[in-house]
Amino acid sequence: MVAVSAKSNSRLALGALFLSVFAEMLCASAFSPHNSSPLRPSSASLGTKKCRSVESRRTAAPPISSSSLAMSKESDDVAWRGKSMMVWLTGHEDLRLRDHGGFAGALSKATAVDDDDDRGRVIPVFVLDEGMHLRSRSASSLERLRACLESLEAEISRVSSSSTSLLSPLVVRTGSPCSVLPALAKEVDAASCHVIADDVVGATREAQRSARAALEEADVEVVRWTNCLRPSAPWSFDESTTATNGDGSQPELRKRAALPSFYPDYREIADALPVAVPKGDGAMIVDDVRLNGNAAKEQGGITILSEGIPSLSELLDMAESATPGAVLEARSSRQRYRATDEPYQNMVSEKWCTERGAMDALEEYCRIGNDEFTNKYFTPSEVAKDGASSMYAASVARLVKSSPASPNDVLALREGPTRALTAALGLGAIGARMTANGARNRRRFPSSEEFWGRSSEGALSDVVEWREWFRLLAERSLALQEAGEPGISGGERANAKNENNEEKDGDSREGGTVHYWRWKDQYLVRYLTFPAGEDYDAREEGSRAPALLLVHGFAASAEQWERLVHGLRKKTKQTNGGMDTTPPIYAVDLLGFGHSEKPGLSYTQYLWESQLVDFAIEVMEAVPMVMVGNSIGGGLAAGAAASLGKKICRGLVLLNTAGILLDPDTYDGYKVNSGDNGDAEVDGSIDSHTEAAIQGNPNEAYKPVPLIGNKALDVFGSAIVGLIYPQIEKRLSLIYGNRIENADPSVVYAIQQSASSPGSANVVGSGQKLAPNRPLNEVLMGVGEEEGEDGEVQSMAEDDGSTARLEGREEAPSAVSKLPPSSSATIKAEKRLRRKGNRPRDASGRPSQRSPPPRMAGGREFETPFLLKSKCRPRHKAPNPSFSFRRRRSTTNRREERGNQSLGVAPH
């Protein structure tokens, strides 16, 4: 334990009076405008939970409402006399001293008392909470959190060591904030606790609300502050109009609902509003207090105990104790393909995750510009340090290793500042206003866009402006949901007139519950949950169907699974005699689609696969599940399922899937096509497409856009979005040809809202950067492959019947088992035998035969490789365990046959 003693020295009255006025002006300037998951979440999962009652309640002072910010000087003098002010640091956008609303507000209250001897101290406190910081968190996440905390502690110690400082050293406690904070408030005689506004991520949001309720019960005023760029905006957080319990009351709902639904409309309003900028050059407010000669007050010899910041090994041990065993097992797996490390992960952690490091990065970026900054740090040699750790990292390594192009020629226009600063912005090592101020030096605004390329200031502005938009959109969704209104974008048009069919309604839908998760602690991702059926728990644990994870297609979102969920629940009841044994269902927005953020990164299939793997492990906590993918979501689901392995992913269902499936009778594994690598030497040691992906596809070099370069991709993406956007409704009516009434205003609205969001053009343009696809032949045969205790490869083909239970059947053959094994070892062995004129032989000594190739409807075999682009839906009856497809036919015939064909790759 570290003991922090609060001592005092006398102060001069004149200096105190000056500081009081100065601190109040400074606090006001910080906010004034300037022109420069559980498996089955309950309906109350985001509400306030019951906390342990506080035994001792303060009676010397009357209760103070957290909804009142403006107090008279006389009432301040009485309320804060001799009291301490706590600043609760949550680890979400608040781990810094510069431009920190919590420190500014606390120091303002501390100096509101005229008498020097009656002024209290400002006590920063960090509570290490299991749900917020430890459970199912990755090692890299914990490493960054600890580095940021250690840096902040040192900075606070530097300031608080002065005898003239009102700031106490950092206090670190472990436990639940709703019990730790009231106890600490009693211990230090605190009158107020300053904390950042509620996060949108469930665990942090719940902890903030429960702690606020407990503090208010202990008569401690809770003052919330925000990082919003435009405090004067009609949708911005305003403590004076927000209910103290944060329960989605009408005042807060009105504020959140003022946010326009579409980014272009938001942008028009935002352009006309001033952005709050940090004071001067960003000097720390606590430095100002210290340098103006204020002495600390003696607090009667009170000693504030701090547990100190745990070492990294201690932190990892604590996280291991708080994490479910299934998650630990998934992360400790020897399977290389499960790694999801980011490109440049080590460099970002070492250089830019602390306040000082992030400020240095911002200063250097503003000084040398985007191109030079990107070329200096995001080099092929730097990415090589992470390149072999994951297919995601390797896919970006493939881009920057393309010669003779420089990194800024192949990475996304905003990728340099995005990768450098987003981790620090998420932790709060640097503030959004401080970052925006670097771009505002040349008056960059949300609508300031160049036709060709992006200026350095514009790229930096986009990083924070885009984050702001998606955060506001998330706050709006949650506020609507907590008020009993639809939290999804399409829900706003649920009762709108259906122009595609005025007489007939579309199929019924089941609304999901909106949640948010911060992938890599940086990028907001929306997901919906649908609760398990009321009779799900009545079954024995071993007989319950696995959970479902639904992955949408291109330009779609999690909302578009709502009709399928309704139909599945209805079918389950019919199959099980009225019992609702539907498993818990998750539907996630891929990064770059729906309400998930669209950061300025280079998007590849391996980025999305990594997101799905992390979601299954961190959010679903590695529970057994079946993954369902549509369109590009099918190809991504197949890859993610192969990485997750059999113990987590028990089955895979592909609908209208993207990806290439070669004739199994002629598929011969990985081989390099002549000309794919130019004059570069071919690596002959690679024997599978997956191994090639892990190594960054060295035999398939990336070819940048010739002559005009990478800037053309954003122009191309903007053109595509601009061309398709006016046709969205018409195109949907064609896609939904056999059930045109399902192309209702809700579906149209959700797709339009996502397409108009910032970053869409970059997502579309990134299609040129996709790494070579792994054929579904190899990926599907890798689904569930993992090393057993005896070192042998076990495949998902060894089905345990879990998917059959989803439909109420006892057992059924596996579709995967009908296909030939194609692990890299098997393929290499067969190649060697063929070169010798031999073929593999079975136990009887006869040449073994591969399984017959897939057949199309009607029993006719297909003979050539093809791209799976059939318009299809799930069958209403149990699918045939073999593959069935349909060749593209005339438009009339295709419409008649839609909805009857599916590709099901799962144990049935």
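This is a stop-by-stop tour of the structure you have open, with something to select at each stop.

**Before you start**

You're looking at a predicted model, in which local features need pLDDT of at least 70, side-chain atom pairs count only at pLDDT 80 or more, and totals for chains, interfaces and linings use all residues. Residues are numbered from 1 along each chain as its sequence is written, and side-chain values use heavy atoms, with hydrogens and water left out.

Helices (H or I, at least four residues) and strands (E, at least two) are DSSP runs, numbered from the N terminus. Two strands pair if DSSP finds at least two bridges between them.

**Stop 1: the five-stranded sheet**

Select β4, β3, β2, β5 and β6. In that order, these five strands make an open sheet with parallel pairing. At the edges you'll find β4 (171-174) and β6 (221-225); each has a single partner strand, so one side of each is left without a neighbour in the sheet. From one strand to the next, the twist averages 30° (axes are lines fitted to C-alpha atoms, for helices over the stretch in contact, and angles run from 0 to 180 degrees between N-to-C directions).

Now zoom in on β3 (residues 122-128), which runs parallel to β4 and is joined to it by four bridges. Pick Leu128 and look across to β4: the bridge partner there is Thr174.

**Stop 2: the six-stranded sheet**

Next, select β8, β9, β11, β10, β12 and β13. Those six strands, in that order, form an open sheet, and here the pairing is mixed. The edge strands are β8 (513-519) and β13 (649-655), each of which pairs on one side only. On average, neighbouring strands of this sheet are turned by 25° against each other, direction ignored.

For a closer look, take β9 (residues 523-530) and β11 (residues 585-588), an antiparallel pair with four bridges. Phe530 stands opposite Ile585 in β11.

**Stop 3**

Most residues other than glycine have a negative phi. Which way does Ser631 go, positive or negative? Ser631 has a positive phi of about 55°, though it is not a glycine. Look for Ser631 in the loop between β12 and α24. Its relative accessibility is 19%, so Ser631 counts as buried (buried means under 20% relative accessible area, exposed over 50%, partly exposed in between, with a 1.4 Å probe and protein chains only).

Asn656 is another non-glycine with a positive phi, about 50°. You'll find Asn656 in the loop between β13 and β14 (660-661), and at 17% relative accessibility Asn656 counts as buried.

**Stop 3: a buried asparagine**

Move on to Asn699, in the loop between α25 (689-694) and α26 (711-724). Asn699 has a relative accessible area of 0%, so it is buried. What does the side chain of Asn699 make a polar contact with? Show Tyr670: the two side chains make a polar contact at 3.2 Å. (A polar contact is a pair of N or O atoms within 3.5 Å; within protein, one must be able to donate a hydrogen and the other to accept it, and residues adjacent in sequence count only if both atoms are side-chain atoms.)

**Stop 4: salt bridges**

How many salt bridges does a search of the whole structure find? The search finds 40, a salt bridge being a side-chain nitrogen of Lys or Arg within 4 Å of a carboxyl oxygen of Asp or Glu.

- Select Glu355 and Arg98, whose side chains meet in a salt bridge (3.1 Å, N to O). Glu355 lies in helix α14 (residues 355-368) and Arg98 in the loop between β2 (84-89) and α3 (101-110), so the pair ties together parts that are 257 residues apart in sequence. Both Glu355 and Arg98 are buried.
- Select Asp521 and Arg137, a salt bridge with the closest N and O atoms 3.0 Å apart. Asp521 sits in the loop between β8 and β9, and Arg137 in the loop between α4 (130-134) and α5 (139-160), 384 residues apart. Asp521 is partly exposed at 23%, and Arg137 is partly exposed at 21%.
- Select Asp744 and Arg509, where the closest N and O atoms of the salt bridge are 3.3 Å apart. Asp744 counts as buried at 9% relative accessibility, whereas Arg509 is partly exposed at 30%.

To finish, select Asp198, Arg205, Arg209, Arg212, Arg224 and Glu482, which are linked in a network of salt bridges.
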